[in-house]
Amino acid sequence: MQGKILSTQLIIGDDGKHYEYDKNDVINLGNKDLALLTDSQVDFVSFDERVAKSIYIINENVNVSGILSADRISFARLSALWGLGLEFFSCIPDIGHIGLIIAIVSFVLYSIAIYSVSEAAASKSLFKNYITAVISGFLGVFFFVLAIRLLANSEHVSIGTSVIAVLLLAMIALIAAIYFYKVHAELARLSGSSLFLWSFWIYTVSVLLYFVFGIFTGFAGFITFAAFAVSIIVLVPLFVAWWRFGKVEKK
């Protein structure tokens, strides 16, 4: 028979009846906390029409509300929203060092949000992939600046050095893209919102266009405008996705 977990001691079957159970009878529970698995679908064997045995979870739901208090849920969501909002302002051209300070605060807040979701979903990969993506991204920026400087002073730099810098940039950018994809794909799966993936693909396409157009324009007067435009395009779906974020689902 199939049914749904109502609490740590009660299952409602598809027949509408309630069945008591013990967590030791949940075959594939592992290290999961039953308190987090309300509304998960299960398959079980009933005894005396009131006791469930040999319970197997077939569709697992992890509700943030079952893991965190309402205040903690709001904190995780608001951290992401504030982080994204500050990131937008940090991209405004010609605000000097204030933009850097805002960007750092934005990064910290967004990292807290990712960590909170990772803990809520008991995910071993989300935050780790996020950190890997961030480190790769910073290295990518470093090698991007290095490659531009080498190309600008090509008469003083060997072709081999320039090629190596460009290849390193491409490799690191690919690694960063892979891990950022993993982060957004997991957020999309956990939240049920495809907007996380949409924001990733929009960002990827925007960066490629930014790089291509930048080469043809020599990046003169293009970088600040493009960065600001991309931030608007990417942040809108991401902001909406976090705004709707309220439940983590694991299937």
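Val45 sits across from Lys53 of β5, in a pairing of β4 (41-47) with β5 that runs antiparallel over six bridges. Strands count as paired here if DSSP finds at least two bridges between them, and the elements themselves are DSSP runs numbered from the N terminus, with helices being H or I of at least four residues and strands being E of at least two. The model is a predicted one, so to speak of local features takes a pLDDT of at least 70 and side-chain atom pairs count only at pLDDT 80 or more, while totals for chains, interfaces and linings use all residues. Residues are numbered from 1 along each chain as its sequence is written, and side-chain values use heavy atoms, with hydrogens and water left out.

β4 and β5 make a hairpin with three residues between them, and Asp48 in its turn has a positive phi of about 60 degrees. β4 also pairs with strand β1 (residues 2-5), again in the antiparallel sense, over three bridges; there, Gly3 stands opposite Val42 of β4. On to β2, then: β1 and β2 are antiparallel partners over three bridges, and they form a hairpin with four residues between them. Ile5 has Ile11 as its bridge partner in β2. The β2-β3 hairpin has four residues between its strands, and Gly16 takes a positive phi near 85 degrees in it. As for the two faces of β2 (residues 10-13), Ile11 and Gly13 are on the covered one, Leu10 and Ile12 on the uncovered one.

Lys53 turns up again in a salt bridge, with Asp25 as its partner and 3.3 Å between the closest N and O atoms. This pair ties together distant parts of the chain, since Asp25 is in the loop between β3 (18-20) and β4 while Lys53 is in strand β5 (residues 51-59), 28 residues away. Lys53 counts as partly exposed because its relative accessibility is 32%; the classes are buried under 20% relative accessible area, exposed over 50% and partly exposed in between (1.4 Å probe, protein chains only). With a salt bridge taken as a side-chain nitrogen of Lys or Arg within 4 Å of a carboxyl oxygen of Asp or Glu, the count comes to two. The other one joins Arg189 to Glu186, at 3.8 Å from N to O. Both of these residues belong to helix α5, three residues apart, or about one turn of the helix. Arg189 is partly exposed because its relative accessibility is 41%, whereas Glu186, at 8%, is buried.

A nonpolar core is a set of buried Ala, Val, Leu, Ile, Met, Phe, Trp, Tyr and Cys residues joined through side-chain atoms within 4.5 Å. The largest such core has 21 residues, and the members touching the most others are Tyr110, Ile114, Val117, Leu126, Leu187, Phe196 and Trp242. At least two residues of this core come from each of α2 (70-90), α3, α4 (126-152), α5 (159-191) and α7 (223-243). Apart from it lies another core, of 13 residues, including Ile11, Tyr19, Val42 and Ile57.

Trp242, in helix α7, is buried because its relative accessibility is 0%. Neighbours within four places in sequence aside, the contacts of Trp242 (heavy atoms within 4.5 Å) are Arg77, Ala80, Leu81, Leu84, Tyr110, Ala113, Ile114, Val117, Leu187 and Phe196. The C-alpha atoms of Trp242 and Ala113 are 9.7 Å apart, although 129 residues separate the two along the chain. Leu187, with residues up to four places away left out, touches Ile114, Val117, Leu126, Gly192, Phe196 and Trp242.

Ile112, in helix α3, is partly exposed because its relative accessibility is 32%.

Overall, the protein chain has seven helices and seven strands, and 36% of its 251 residues are buried.
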